[in-house]
Amino acid sequence: MSITITENAADRVKTFLDNRGSGVGLRVGVKTTGCSGMAYIIEFADNIDKDDTVFEEKGVKIIVDPKCLLYLDGTELDFTKEGLNEGFKFTNPNEKARCGCGESFSV
Amino acid sequence: MALLQISEPGKSQDPHQKKYYVGIDLGTTNSLVALISNGFPRVLKNKEGSELFPSIVSYKKDSVIVGEYFNDSASITFSSIKRMIGKNIKDLNSSDFYSPCEFIGDDSIVKFKVFKNLLTPIEISSEILKHLKNITEQTLMGDIEGCVITVPAYFDDAQRQATKDAASLSGLKVLRLLNEPTAAAIAYGLASKKISKIMVYDLGGGTFDISILDLNDGVFKVLSTGGDSSLGGDDFDYLIVDYIQSKLDIELDSEKKYILYLYAKKIKVALSETEIVDIELEKIGLENTKLTFSRDDFNLLINDLVQKTLKISSEVLLDANLSVNDINEIILVGGSTRTPFIKYSVKNFFNKEPLSDINPDNVVAIGASIQADILSGSSKEELLLLDVIPLSLGVETMGELVEVIIPRNSTIPTSSSKEYTTFKDGQTAMSIHVIQGERDLVSDCRSLAKFIIKDIPPMLAGAARIKLEFQIDADGILSVSATETTTNKVTSIEVKPSYGINDSQIEKMLKDSFDNAHTDIKSRHLNEAIVEGKRVILSINSALKIDGSDLLNEKELKYIYKARDELEEMLNSGEKESIIDAVKNLEKVSETYVSRRMNSNIQKIMKGTDIKEFN
């Protein structure tokens with residue numbers, strides 16, 4: 001089981017965490033919502049729970065709870081630019097379908 | 001797929017509900033949009049990669065284009081429309097605003113004849129905001145849920161209201177208007193300081209503004225402002241053009257002059273980085289002439305203008321009764337403050353290193369975005385209190401006296417309530433008069449609004465309960481609601497307390513209240529005595545009507561009538577002591593009557609009742 005992060009995304013996360021001044025890492029997860037079933041969560045993490053799995057890669061702690069990990073196994077997190085916008089992108093091999101706008105997905 | 005931003009723990013937004021809160025710096029020359037993204041301020045860029053969106057609106061026969069200047073007969077182009085927002089035709093005639101078309105208007109508003117339409121500065125400004133809104137929503141692929149728009153500290157209420165109107169016309173929801181210098185201070189994180197005096201030196205392309213802020217426990221107060229609405233970096237460019245022309249000793253046609261002007265801007269920017277530049281005169285068709293321009297040459301050119309800004313700065317300090325040493329922080333705002341000579345001069349003048357780490361073009365928009373983030377509730381930080389009310393708000397009570405409900409210098413938003421009752425038996429209506437000011441008498445204060453509460457159930461004087469609630473929102477809008485507690489019927493009204501009042505009037509009102517403190521106390525006491533006298537007369541009259549002739553003989557009655565008439569006469573005497581004496585006298589001569597009434601009432605109650613029930 002693993003979650004990976006690109007160099008670019010890791011740099012961004014480190015910068016954002018530095019700017020924020022606090023936080024132990026990045027929490028990723030999924031929640032049941034949206035038109036296609038699930039949506040990704042990406043948040044600053046202020047603490048690590050005892051059930052959490054932590055992947056430390058390229059100097060960034062990626063924190064995920066065991067249930068979400070089932071949906072996220074093999075995911076790569078990237079930071080990209082699209083047009084004028086920029087942000088984080090999940091490439092998840094478990095994804096089967098996605099809603100038109102790409103904001104939610106199903107497995 | 002959609003790109004995601006990192007949220008604060010537990011604040012992840014659901015898909016399809018991407019809502020953004022942005023800060024907008026609606027500038028005279030350029031406007032900017034910023035938002036907090038990944039916990040960090042981000043200034044939006046346009047397609048060309050620039051963060052500055054020119055505040056230019058061009059009307060063509062059947063379209064509107066924002067951000068581009070058209071100098072042809074088929075377009076009417078407005079630049080610097082901010083100078084006209086919330087102003088009237090007199091202001092237009094006396095200002096340096098250049099109108100590209102005919103205009104009409106009256107004391108309240110100007111209207112420009114744009115082809116077949118008559119447009120107000122509000123409508124023209126709303127086009128800029130609409131443009132910013134569209135670009136932002138396209139870039140973020142989500143909706144702007146709310147925004148904070150910055151305005152100059154010296155904007156009066158009409159200008160602020162007009163800015164808000166422009167925003168609502170463009171479909172933006174304004175969470176709050178924020179003073180530009182305050183936004184700059186927030187961007188530098190100064191809001192977390194307990195007490196500080198902050199000077200904001202804002203030199204933009206066409207305007208110079210200087211403000212002194214007093215920060216006290218999260219509340220920013222503008223102590224004084226000053227500036228020059230036609231002094232800015234553009235003047236530096238003209239000076240460079242003049243300099244080159246004088247060195248070459250030639251006359252240039254307007255086209256070449258314009259090319260040189262655009263080039264001068266580049267030279268100016270380059271000189272912030274290097275000491276000397278070679279001027280490429282091929283641009284204006286002079287192949288073989290060589291000319292260099294150094295930072296020292298430039299500093300010499302702009303010295304007079306820089307000294308002018310410092311002179312204005314000392315005037316503003318004087319206005320606020322402060323000296324250079326009282327200032328804790330200086331913030332540099334506006335692209336022109338990148339000029340090393342300005343940084344150096346400001347530092348020398350204040351004897352302190354000014355804050356200039358944040359891009360001076362962006363700092364106001366960034367501050368606005370931080371405030372928008374706080375107001376949206378997504379930030380970790382507490383809600384900042386940013387404003388205080390300058391004058392007390394209250395209601396008129398009997399005797400034309402003012403009772404303060406929200407005292408001046410209260411931080412807003414705030415609310416406060418008080419209970420009032422009826423003055424007369426069977427009173428079914430009550431007039432609520434909302435007053436602003438520091439004086440004790442209604443006639444010396446400003447009347448804000450009047451409304452009437454009807455349908456109070458008839459009761460004895462003093463039995464009804466009317467709860468009056470004053471509420472001021474973050475923009476200083478006051479809503480007053482009156483609830484009659486037995487029926488829970490609510491009557492309410494909304495007013496804008498500061499409408500049509502400026503700082504100097506506020507100051508005068510405050511000064512008057514201090515100067516007249518003694519007179520005010522005297523008149524208050526007199527009026528209170530009169531009210532008390534009237535109340536006593538009313539109650540004795542209503543009592544006499546019921547059982548006066550039953551309980552009193554003619555002689556006794558005559559005494560009471562005499563004392564009552566004496567009091568009535570005294571009410572107009574203007575002598576507090578005499579009224580109080582007359583009240584006392586009436587109470588004294590009525591003593592036997594009052595005790596007889598008491599006895600007779602008790603007897604009435606006790607009649608036919610078993611003595612045991614009273615044990």
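Leaving aside neighbours within four places in sequence, I342(B) is in contact with L203(B), V306(B), S336(B) and T337(B), where contact requires C-beta atoms, placed from the backbone, to lie within 7 Å. The model is a predicted one, in which local features need pLDDT of at least 70, side-chain atom pairs count only at pLDDT 80 or more, and totals for chains, interfaces and linings use all residues. Residues are numbered from 1 along each chain as its sequence is written, while chains are lettered from A and ligands numbered from 1 in the order in which they are written.

- I342(B) belongs to helix 8 (residues 340-350) of chain B; helices (H or I, at least four residues) and strands (E, at least two) are DSSP runs numbered from the N terminus.
- I342(B) counts as buried because 26 other C-beta atoms lie within 10 Å; the cut-offs are 20 or more such atoms for buried, 12 or fewer for exposed, and partly exposed in between.
- L310(B) is 32 residues away from I342(B) along the chain, and their C-alpha atoms are separated by 9.9 Å.

**Nonpolar cores**

- The largest nonpolar core has 96 residues, of which V22(B), C147(B), A185(B), V200(B), Y201(B) and I331(B) touch the most other members; such a core is a set of buried Ala, Val, Leu, Ile, Met, Phe, Trp, Tyr and Cys residues joined through C-beta atoms within 7 Å.
- Helix 9 (residues 363-376) of chain B supplies the largest share of this core, eight residues.
- This core lies between domain 1 (1-188 + 358-382) and domain 2 (192-354) of chain B, because both give residues to it; the domain bounds come from an automatic or database domain assignment.
- C147(B) touches, among others, Y21(B), V22(B), L172(B), V174(B) and A372(B), with residues up to four places away in sequence not counted.
- Another core, of 29 residues, lies apart from the largest one and includes L17(A), I63(A), F105(A) and I6(B).

**Helix 13 of chain B**

- Helix 13 (residues 576-589) of chain B has 14 residues and should span 20 Å at 1.5 Å a residue, which agrees with the 20 Å between its end C-alpha atoms; the expected span is 1.5 Å times one less than the number of residues.
- The buried residues of helix 13 of chain B are I579(B), A582(B), V583(B) and L586(B).
- These buried residues fall within an arc of 100° when seen down the axis of helix 13 of chain B, so they line one face of the helix; the arc is that of the directions from the helix axis to the C-beta atoms.
- Exposed residues E577(B) and K588(B) are carried on the face of helix 13 of chain B turned away from its buried side.
- Helix 11 (517-551) and helix 12 (554-570) of chain B are included in what covers the buried residues of helix 13 of chain B.

**Strand pairing in chain A**

- Strand 2 (residues 25-32) and strand 3 (residues 38-45) of chain A pair in the antiparallel sense over eight bridges; pairing requires that DSSP find at least two bridges between the strands.
- Y40(A) in strand 3 of chain A stands opposite V30(A).
- Strand 2 of chain A runs parallel to strand 5 (residues 60-64) of chain A, and two bridges join them.
- I62(A), in strand 5 of chain A, is the bridge partner of L26(A).

**Chain totals**

- Chain A comes to two helices and nine strands, and 35% of its 107 residues are buried.
- Chain B comes to 14 helices and 28 strands, and 37% of its 615 residues count as buried.

Technical notes
Two residues are in contact if their C-beta atoms, placed from the backbone, lie within 7 Å.
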